Amino acid sequence: MHLYASTPPPTPGGRLRPALLLATAAAAAVLALVAGLLLAWPGRAGAAADPLISRGKPATASSAESSSLGAANAFDGAASTRWASAEGKDPQWIRVDLGAGATVSRVKLTWESAYAKAYRVEVSADGATWTRIAEEKAGNGGTDELTGLTGKGRYLRVYGTARGTAYGYSLFEAEVYGTAGDGPPPGGGAFTVVAAGDIAAQCTASDSGCAHPKTAALARQIDPKFYLTMGDNQYDDARISDFRAYYDKSWGAFKAKTRPVPGNHETYDPAGSLAGYKAYFGSIAYPQGKSYYSFDEGNWHFIALDSNAFDQAAQIDWLKADLAANGKQCIAAYWHHPLYSSGGHGNDPVSKPVWKILYAAKADLVLNGHDHHYERFAPQNPDGKAAADGIVEIVGGMGGAEPYPIEQVQPNSQKRVSGQYGVLKLDFTDSGYSWSYVATDGVKDTSPKYSCH
């Protein structure tokens with residue numbers, strides 16, 4: 001339903017004749033009466049009972065024409081600001097995170113002169129799988145009121161498929177109305193993380209077979225609190241020139257929100273082990289002056305480790321001291337080489353001493369890469385025995401490097417996916433966690449919900 005305001009054209013000279021003045025006054029009275037009736041009619045679409053739930057919420061977009069025309073402008077309530085996409089490109093989208101599950105009943109879009117001729121309005125529970133709740137195929141700009149909607153989800157996006165002008169897409173405001181309460185409440189320690197390992201092959205988006213730009217687009221679309229990488233961020237020798245030519249063109253878009261660890265390919269740099277890795281990430285990868293570090297988010301303690309140096313006492317001593325000082329209930333650790341894997345590299349005993357330390361500290365989750373597939377394991381102890389108080393391990397090495405086949409299925413392996421690139425979407429709360437493996441063509445696996453030890 002599209003609502004447009006219009007007024008009668010003035011007569012030459014800018015004045016209305018007396019008869020027209022009377023007619024205009026009468027019409028105004030009728031309109032005022034109708035407006036009053038509409039406001040008093042509780043069953044009307046988009047009634048005042050449905051609150052605005054999108055104002056000031058986090059927003060992202062497929063692109064922005066400039067830094068001053070970002071996605072947040074469409075949800076700030078200011079008529080003088082706007083979001084504008086890159087010019088001359090289809091499709092484009094803008095997305096808002098409503099903070100919790102919600103039932104959407106109405107969407108109001110106020111277009112700038114660069115409007116969408118065709119677009120969809122979609123909702124999603126996880127930011128990965130989308131459901132269409134409205135569609136416009138013959139838009140003509142102005143203000144679009146989409147009423148009588150029944151969508152449910154935490155995320156809503158406007159997905160433009162055809163521009164109405166030669167420019168881009170531009171919205172002064174996108175307003176979402178409805179009721180919250182179909183999911184976890186905002187805050188409360190809940191947050192989302194995207195993770196992947198084995199990422200940037202030596203190719204760019206100009207090569208249709210290049211996977212890391214596609215997984216980067218997926219990771220950006222999920223828009224997590226932060227990103228984790230589980231090593232082998234850049235192939236083959238991880239030189240600084242390679243990081244700049246390949247990784248930086250895809251996953252580099254969110255480098256500032258990335259918490260990386262190195263893999264074995266970062267050690268192959270002719271300039272020195274981890275030289276290109278350190279030059280590219282700088283203090284992001286060395287926040288505590290070492291290639292390993294820790295940080296907290298909510299009720300979680302995250303530990304980033306360098307599995308190339310598990311045989312060095314300095315890192316092991318640091319890990320023990322870090323765990324002893326930890327005050328958070330939940331613990332997640334991540335590094336490159338998995339202790340258990342059904343892929344080509346298989347089990348790597350280099351990680352077992354670290355597992356023993358983490359298990360003793362009641363750690364909950366371990367994330368690894370190295371083998372280029374997705375795999376999740378049931379909780380197990382360092383000896384590979386199923387245990388209720390065990391650690392859950394996930395192999396997530398499908399960030400963009402050539403896939404490896406599954407070779408020998410290990411005990412406690414619950415799910416394996418090979419040949420489909422993607423990322424881990426991890427959802428954390430103050431007392432537990434769950435995740436999905438989201439491939440570039442959809443969700444391939446969803447985990448059980450686990451509670452912290």
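## Close-up views of a predicted model

**View 1. The surroundings of Gln-410.** Setting aside residues up to four places away in sequence, Gln-410 is in contact, meaning heavy atoms within 4.5 Å, with Ser-341, Ser-342, Asn-347 and Phe-377. This is a predicted model, in which local features need pLDDT of at least 70 and side-chain atom pairs count only at pLDDT 80 or more, while totals for chains, interfaces and linings use all residues. Residues are numbered from 1 along each chain as its sequence is written, and side-chain values use heavy atoms, with hydrogens and water left out. Gln-410 belongs to the loop between strand E17 (392-396) and strand E18 (413-417), where strands (E, at least two residues) are DSSP runs numbered from the N terminus. With a relative accessible area of 15%, Gln-410 is buried, a term for values under 20%, as against exposed for over 50% and partly exposed in between (1.4 Å probe, protein chains only). Ser-341 is 69 residues from Gln-410 along the chain, yet their C-alpha atoms are separated by 6.7 Å.

**View 2. The largest nonpolar core.** A nonpolar core is a set of buried Ala, Val, Leu, Ile, Met, Phe, Trp, Tyr and Cys residues joined through side-chain atoms within 4.5 Å. The largest one here has 31 residues, and those with the most contacts inside it are Leu-367, Leu-424 and Leu-426. Strand E20 (residues 432-439) gives the most to this core, contributing four residues.

**View 3. The disulfide of Cys-203 and Cys-210.** The structure holds two disulfides, each defined as a pair of cysteine sulfur atoms within 2.5 Å. One of them joins Cys-203 to Cys-210, with an S to S distance of 2.1 Å, and both of these cysteines are buried. The torsion about their S-S bond is about 80 degrees, so this disulfide is right-handed.

**View 4. The disulfide of Cys-330 and Cys-452.** The sulfur atoms of Cys-330 and Cys-452 are 2.0 Å apart and form a disulfide, which is right-handed, with 110 degrees about the S-S bond. This pair links distant parts of the chain, 122 residues apart, since Cys-330 is in strand E14 (residues 330-334) and Cys-452 is in the segment after strand E22 (450-451). Both Cys-330 and Cys-452 are buried. When bonded cysteines are counted along the chain, the disulfides follow the pattern 1-2, 3-4.
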